[in-house]
Amino acid sequence: MRWEILKLLRVQSPNYLSGEEMAARFQVSRTAVWKNVQALQAAGYRIEGSTRLGYRLLGSPDFLYPVEIVPGPATQIIAVSPQMIHHYPRVDSTNNILKELAGKGAPEGTVVVAEEQTGGRGRLGRGWDSPAGKGILLSILFRPPLAPSQTPLFTLLAAGAVAGVIKAHLPALKPGIKWPNDLLLGQRKVCGILTEMKAESDLLHYLITGIGLNVNCQEKDFPPELQQSATSLYLQNNKIAVSRQKLAAGILQEIDRLYRVFLDGGTDQIINTWKKYNITLGNRVAVRTLQGVFAGRAADLDSDGALLVEDKNGKNHRFLAGEVSLHP
Ligand code: BTN
């Protein structure tokens, strides 16, 4: 009922809505209404109460509450209702929480989002640092009808989606994707994506895509070792704060759209979206894999999303995973 009350107050804002009217609407006592208003206040909403006039909404916090980031009727698979979004003030890692939910049979499109992570994980065994309440930390569960070997293309999807959402919200910025799915602004990283899967031989049980986007972080929020290499939308947007709620809703919506394109066999569209933001192809790169480091010119992506790197004899070498350095 708390969120229903919020909806009513929002429609009525900046005017007052009487406690009596809300009590009648929900067929509860005025005390029950008051208790729910208190819960909303504790959640960060600025609600003024007047014995004579009722309640009015004066301001909302930029927390990633399900009702605030649910994309509404726009999505068909991901977060189609607020109940499919699990919000936590603090978790070790949203990917870990979603893995547990996936193991218990959570449906495709379930989302876990947190204000803060104490053990955020990055690619290649690294960590992911993000100050509380300043980034978007979210994980999405997919159960695509794919063989595990077909998943690399899937990892490009989320990067293309997030780049598109950044561009749509902040047209002056120029997000670039470093293969496979690091998002950079200028030379600095603004978003990282970690896709993990549970599979048995040829059967994919589920995929989890975890997105860490630095939204309103200031320089001092990054640990010293990242201060030269990390950035945030705030820092790139003339130090003007950006709504995390709008971005998160936009990301869920765009990933839902591209995922449906993907399921309909729109491989080219996924690759072309990725290429719109490409800063890898055409450049000299070094690709680090478990086998060692390979340097050459990033020539193209193949239809699986693999990176083709041309050696000095013009021969292409194919990489399905690895860490790319640009202009080594
Ligand atoms: C990388 O660039 O190394 C990937 C970083 C991915 C970080 C996100 S934050 C939300 C989700 N939960 C995690 O523990 N990691 C991902």
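Student: Which residues are the closest to the ligand, and how many surround the ligand?
Tutor: The ligand is surrounded by 20 residues, and the closest are S93, Q117, R121, R123 and K189. A residue counts as near if one of its heavy atoms lies within 4 Å of the molecule. This is a predicted model, where local features need pLDDT of at least 70, side-chain atom pairs count only at pLDDT 80 or more, and totals for chains, interfaces and linings use all residues. Residues are numbered from 1 along each chain as its sequence is written, and side-chain values use heavy atoms, with hydrogens and water left out.

Student: What does the side chain of K189 do with the ligand?
Tutor: An N or O atom in the K189 side chain is 2.5 Å from an oxygen atom of the ligand. That is within the limit for a polar contact, a pair of N or O atoms within 3.5 Å; within protein, one must be able to donate a hydrogen and the other to accept it, and residues adjacent in sequence count only if both atoms are side-chain atoms.

Student: And S93, what distance there?
Tutor: For S93, a side-chain N or O atom is 2.8 Å from an oxygen atom of the ligand. R121 uses its backbone: an N or O atom there lies 2.7 Å from a nitrogen atom of the ligand.

Student: How much of the ligand's accessible area does the protein cover?
Tutor: The protein covers 99% of the 420 Å² that the ligand has on its own. Such areas come from the Shrake-Rupley method with a 1.4 Å probe, and for residues only the protein chains shown count as cover.

Student: Which elements supply the shell around the ligand?
Tutor: At least two residues each come from α5 (94-103), β5 (135-142), β8 (188-200) and β9 (203-214). The largest share, four residues, is from β8. Helices (H or I, at least four residues) and strands (E, at least two) are DSSP runs, numbered from the N terminus.

Student: How many of the shell residues are nonpolar, polar or charged?
Tutor: The shell has six nonpolar, ten polar and four charged residues. Ala, Val, Leu, Ile, Met, Phe, Trp, Tyr, Cys and Pro count as nonpolar, Asp, Glu, Lys and Arg as charged, and the others, Gly among them, as polar.

Student: Back to Q117. Buried or exposed?
Tutor: Q117 is buried, with a relative accessible area of 14%. Buried means under 20%, exposed over 50%, and partly exposed in between (1.4 Å probe, protein chains only). Q117 lies in strand β4 (residues 111-117). A polar atom of the Q117 side chain lies 2.9 Å from the backbone nitrogen of T94.

Student: What about E196, where is that?
Tutor: E196 is in strand β8 and counts as buried, at 17% relative accessibility. The E196 side chain makes a polar contact with the side chain of N95 at 2.8 Å, and another with the side chain of R121, at 2.8 Å. R121 also has the backbone atom 2.7 Å from a ligand nitrogen.

Student: Where do P14 and P180 sit?
Tutor: P14 is in the loop between α1 (2-12) and α2 (19-26). P180 is in the loop between β6 (176-178) and β7 (182-185).

Student: Which residues other than glycine have a positive phi?
Tutor: S201 has a phi of about 35°, and N238 has one near 55°. S201 lies in the loop between β8 and β9 and is exposed, at 76% relative accessible area. N238 lies in the loop between α7 (233-236) and α8 (244-263), and is exposed too, at 67%.

Student: Last one: how far apart are M84 and G109?
Tutor: They are 25 residues apart in sequence and 7.2 Å apart in space, C-alpha to C-alpha. M84 is in the loop between α4 (66-69) and β3 (85-91), and counts as buried at 13% relative accessibility.
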